[in-house]
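Me: I would like to go through the fold of this protein with you. Could we begin with a term that will be needed later?

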Amino acid sequence: MLSILAIAGSDSCSGAGIQIDMKTAAAHGVHATCAITAVTAQNTCEVTAVQQIDADVLRAQIEAECSDMPPAAIKIGMLGTPETAKVVAEALEAHAGVPVVLDPV
């Protein structure tokens with residue numbers, strides 16, 4: 001089974017973010033692994049809080065997933081900070097040649 005790596009924020013009402021990325025992959029018969037960039041508190045009307053994930057934790061998530069299940073593609077959503085963007089850029093360099101979908105918030 002093909003595996004993709006979704007890098008995005010978590011949407012607590014499951015209307016966007018990593019939750020939708022994983023649902024979409026599953027609907028297409030693709031396994032999705034994930035690296036969470038941020039956790040949000042939100043509903044269908046508003047975002048009330050955002051907690052960014054530490055860059056070192058994000059890097060560890062990406063390395064753990066890629067070392068076990070190399071992705072056939074990488075889907076990028078919410079990044080949120082320059083530090084997060086740098087970690088993701090480093091991951092893309094390490095996996096040059098893997099197709100990327102960039103869908104920033």
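Reply: A crossover counts as right-handed if, with the strands pointing away from the viewer, the path from the first strand over the helix to the second runs clockwise. Please note that the model is a predicted one.

Me: Which elements make a right-handed β-α-β unit with H3?

Reply: Strands E4 and E5 do so, with H3 as the helix of the unit. E4 and E5 run parallel and are joined by three bridges, and Ile74 stands opposite Val100 in E5. A right-handed β-α-β unit is also made by E1, helix H1 (residues 17-27) and E2.

Me: How many bridges pair E1 with E2, and in which sense?

Reply: Seven, in the parallel sense; Ile7 stands opposite Ala35 in E2. E1 also pairs with E4 in the parallel sense, over four bridges, where Ala6 has Lys75 as its partner.

Me: And E2 with E3, parallel or antiparallel?

Reply: Antiparallel, over five bridges. The two strands form a hairpin with four residues between them, and Ala38 stands opposite Gln52 in E3.

Me: Changing topic: how many residues does the largest nonpolar core have?

Reply: It has 12, among them Leu5, Ile7, Ala35, Ile62 and Ile74. Strands E1 and E4 and helices H2 and H3 each give two or more residues to this core.

Me: Why would such residues gather?

Reply: In soluble globular proteins, nonpolar side chains tend to be buried together.

Me: What is Leu5 in contact with, leaving aside its neighbours within four places in sequence?

Reply: Its contacts include Ala35, Ile62, Cys66 and Ile74, as well as Glu65 and Lys75.

Definitions and conventions: Residues are numbered from 1 along each chain as its sequence is written. This is a predicted model: local features need pLDDT of at least 70, side-chain atom pairs count only at pLDDT 80 or more; totals for chains, interfaces and linings use all residues. Side-chain values use heavy atoms; hydrogens and water are left out. A nonpolar core is a set of buried Ala, Val, Leu, Ile, Met, Phe, Trp, Tyr and Cys residues joined through side-chain atoms within 4.5 Å. Buried means under 20% relative accessible area, exposed over 50%, partly exposed in between (1.4 Å probe, protein chains only). Contact means heavy atoms within 4.5 Å. Two strands pair if DSSP finds at least two bridges between them.
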